[in-house]
Amino acid sequence: MDQTKLRILSAAAKLFDIHGYKGTSVRHIAEEAQVNSALISYHFHGKQGVLETLIASYFETLFRRVEELVETQRGATSYQQLAQMVHLYVSFQTEHAAITRLIQRELSVESMLAREVLTLYISRWKHGLSHVIECGIASGDFLSVSVDRVVLALGSLMNYPFLQPQMVRQVYDLEPSDEEFVLWLEASAMSYLEACLLPKDSQDYPPMNEYTKGLYNK
């Protein structure tokens, strides 16, 4: 992607995060990106095209990393695969916090774009986690649980701090972008999954592994 497109996308991501999609105009994006407004229409066919490109690029990058992770995890236990996937999702959301927040906001509104994102991307996101859990259940590594309920709760846990950063800051006096918080969030997600999926007498149960020890030491 050429530098002009990247500047437009970067400017739009920043302004959408600050002012919201509706509160940002093509003129504002052009001024922030220091380009002529006509270039936004030329490259993206308007503000809607910029938003769609941001969302598509976000998920395409995420799923490419997931595919790379899956290749490196062949032969790993179901628990190890799930832990690495949670780590990837949390790290990616932190790395792209503004776009993560933008997407979650758009999904909260009934629209054609939201339905497309849910169908094309969120379903695929859900499938990635569900597949690992289902394989773990089939192999006997995990308890038999409602996979959809576990994934729904996990998704809520991982997404909420990025959707409502002001709530996290004001009510809990925590900074969602801090490394300490990110580690805590990941540890919390793994602690939840361990409680749901692992038999209490399992030899593989890791009550103080690298993902959960931070939860108890903070």
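Select glutamate 95. With a relative accessibility of 49%, glutamate 95 counts as partly exposed.

Before going on, know the model. It is predicted, so local features need pLDDT of at least 70 and side-chain atom pairs count only at pLDDT 80 or more, while totals for chains, interfaces and linings use all residues. Residues are numbered from 1 along each chain as its sequence is written, and side-chain values use heavy atoms, with hydrogens and water left out.

**Stop 1**

A salt bridge here is a side-chain nitrogen of Lys or Arg within 4 Å of a carboxyl oxygen of Asp or Glu. Glutamate 95 sits in helix α5 (residues 78–95) and arginine 65 in helix α4 (residues 47–72), so the pair ties together parts that are 30 residues apart in sequence. Arginine 65 counts as partly exposed, at 28% relative accessibility.

**Stop 1: two more bridges**

How many salt bridges does a search of the whole structure find? The search finds nine. Select arginine 115 and glutamate 110 for one of them. Their closest N and O atoms are 2.4 Å apart. Arginine 115 is partly exposed, with a relative accessible area of 37%. Glutamate 110 counts as exposed, at 64%.

Now pick arginine 169 and glutamate 175. Their side chains meet in a salt bridge, 2.8 Å from N to O. Arginine 169 is partly exposed at 32% relative accessibility. Glutamate 175 is partly exposed at 24%.

**Stop 2: the whole chain**

Zoom out and show the cartoon. The chain has 11 helices and zero strands. Helices (H or I, at least four residues) and strands (E, at least two) are DSSP runs, numbered from the N terminus. The C-alpha atoms fill a box of roughly 65 × 35 × 30 Å, taken along the principal axes. Of the 218 residues, 43% count as buried.

Think about contacts next. Contact means heavy atoms within 4.5 Å. Take the contacts with a separation of 6 or more: residues 24 or more positions apart account for 65% of them.

**Stop 3: α1 against α6**

Color helix α1 (residues 3–19) and helix α6 (residues 97–107). They pack at an angle of about 55°, with their axes 9 Å apart. Axes are lines fitted to C-alpha atoms, for helices over the stretch in contact, and angles run from 0 to 180 degrees between N-to-C directions. The two helices are therefore oblique to each other. Angles under 35 degrees count as roughly parallel, over 145 as roughly antiparallel, 65 to 115 as roughly perpendicular and the rest as oblique.

Which residues make the contact? From α1, select Ala13, Phe16 and Asp17. From α6, select Ala98, Ile99, Arg101, Leu102 and Arg105. By class, this contact has five nonpolar, no polar and three charged residues. Ala, Val, Leu, Ile, Met, Phe, Trp, Tyr, Cys and Pro count as nonpolar, Asp, Glu, Lys and Arg as charged, and the others, Gly among them, as polar.

Stay on α6. Its buried residues are Ile99, Thr100, Arg101, Leu102, Ile103, Gln104 and Glu106. What covers them includes α1, α4, α5, α7 (112–139), α8 (147–163) and α9 (165–172).

**Stop 4: asparagine 159**

Select asparagine 159, in helix α8. Buried or exposed? Asparagine 159 counts as buried, at 15% relative accessibility. Leaving aside neighbours within four places in sequence, asparagine 159 is in contact with Gln93 and Gln104.

**Stop 5: alanine 56**

Alanine 56 is in helix α4. It is buried, with a relative accessible area of 16%.

**Stop 6: two loops**

Most residues other than glycine have a negative phi. Select histidine 45, in the loop between α3 (37–44) and α4. Histidine 45 has a positive phi of about 60°, although it is not a glycine. It counts as exposed, at 71% relative accessibility.

Finish at aspartate 173, in the loop between α9 and α10 (179–197). Phi of aspartate 173 is near 55°, a positive value. Aspartate 173 is exposed, with a relative accessible area of 69%.

Definitions and conventions
Buried < 20%, exposed > 50% of the residue type's maximum accessible area, 1.4 Å probe, protein only.
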